Amino acid sequence: MKIDYYTPFYNDQFYHIYNRGNNGGKIFYVPANYIFFLTRLSEYLSSCVEIFAYCLLPNHFHLLIKVKDRNRVSEQFRLLFLSYSKAINKQAGRTGSLFQKRFKRYDN
């Protein structure tokens, strides 16, 4: 079931998280971007979610996560997207939002 962005996360619940590039644009430009994203994903989220699966495509991504600390998940995703966007904007000489405004999620 697709759920609203503002619906709280719950501990021990699985979620399908996904987002795409702004206007359907790329979020991964070169192969190293995929590794960088996964590294940042681990840095920002490993303390509050377990990542069971991921799929990274040039213009979007999917994650299957299980929440460990519901109080920190949304903020950690925000920090991940901000950090990654800043790095990609610098690399690609671009400005503005890299991702659509909010990630989407489905629960089980």
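These legends describe close-up views of a predicted model.

**View 1. Helix H2, residues 73–92, end to end.** H2 has 20 residues. At 1.5 Å a residue, the helix should span 28 Å, and its end C-alpha atoms are 28 Å apart, so the two values agree. The buried residues of H2 are Val73, Gln76, Phe77, Leu80, Phe81, Ser83, Tyr84, Ser85, Ile88 and Asn89. These buried residues pack against S2, H1, S3 and S4. Just after the helix comes Gly93, with a positive phi of about 65°.

**View 2. The largest nonpolar core.** This core has 24 residues. Those with the most contacts inside it are Ile17, Phe37, Phe61, Ile65, Phe77 and Phe99. Five elements are labelled here, each giving two or more residues to the core: strand S2 (14–20), helix H1 (31–45), strand S3 (49–57), strand S4 (60–67) and H2. The largest share, six residues, comes from H2.

**View 3. Phe99 and the residues it touches.** Phe99 is among the core residues with the most contacts inside the core. Residues up to four places away in sequence are not counted in this view. Phe99 touches Asn19, Arg20, Gly21 and Asn22, as well as Ile27 and Phe37. The list of its contacts also includes Phe61, Phe81, Tyr84 and Ser85.

**View 4. The largest pocket.** Its volume is about 310 Å³. The lining has 18 residues, and the closest to the pocket centre are Arg78, Phe81, Leu82, Ser85 and Lys101. Helix H2 gives the largest share of the lining, eight residues. By type, the lining residues divide into seven nonpolar, seven polar and four charged. Phe81 and Ser85 also touch Phe99.

View 5. Gln76 has a relative accessibility of 12%. The cut-off for buried is under 20%, so Gln76 counts as buried. Neighbours within four places in sequence are left aside here. Beyond them, Gln76 is in contact with Tyr44, Leu45 and Cys48.

**View 6. Glu50 in strand S3.** Glu50 counts as partly exposed because its relative accessibility is 35%. Glu50 touches Leu64, Ile65, Lys66 and Lys68, not counting residues up to four places away in sequence. One of these partners, Ile65, is among the core residues with the most contacts inside the core. Asn22 is 28 residues from Glu50 along the chain, and their C-alpha atoms are separated by 26 Å.

**View 7. Asp12, a positive phi in a residue that is not a glycine.** The phi of Asp12 is about 65°. Asp12 lies in the loop between strand S1 (2–3) and S2. With 58% relative accessibility, Asp12 counts as exposed; the cut-off for that class is over 50%.

**View 8. Asn23, with a positive phi in a residue other than glycine.** The phi of Asn23 is near 60°. Asn23 is found in the loop between S2 and H1. Its relative accessible area is 73%, so Asn23 is exposed.

Methods: Residues are numbered from 1 along each chain as its sequence is written. This is a predicted model: local features need pLDDT of at least 70, side-chain atom pairs count only at pLDDT 80 or more; totals for chains, interfaces and linings use all residues. Side-chain values use heavy atoms; hydrogens and water are left out. On a 1 Å grid over the protein atoms alone, a cavity is a set of points where a 1.4 Å probe fits but cannot get out, and a pocket is an open set with protein on both sides within 12 Å along at least five of seven lines; lining residues have an atom within 4 Å of a point. Grid points are joined across faces, edges and corners, and a volume is the space filled by probe spheres set on the points. Helices (H or I, at least four residues) and strands (E, at least two) are DSSP runs, numbered from the N terminus. Ala, Val, Leu, Ile, Met, Phe, Trp, Tyr, Cys and Pro count as nonpolar, Asp, Glu, Lys and Arg as charged, and the others, Gly among them, as polar. A nonpolar core is a set of buried Ala, Val, Leu, Ile, Met, Phe, Trp, Tyr and Cys residues joined through side-chain atoms within 4.5 Å. Buried means under 20% relative accessible area, exposed over 50%, partly exposed in between (1.4 Å probe, protein chains only). Contact means heavy atoms within 4.5 Å. The expected span of a helix is 1.5 Å times one less than its number of residues.
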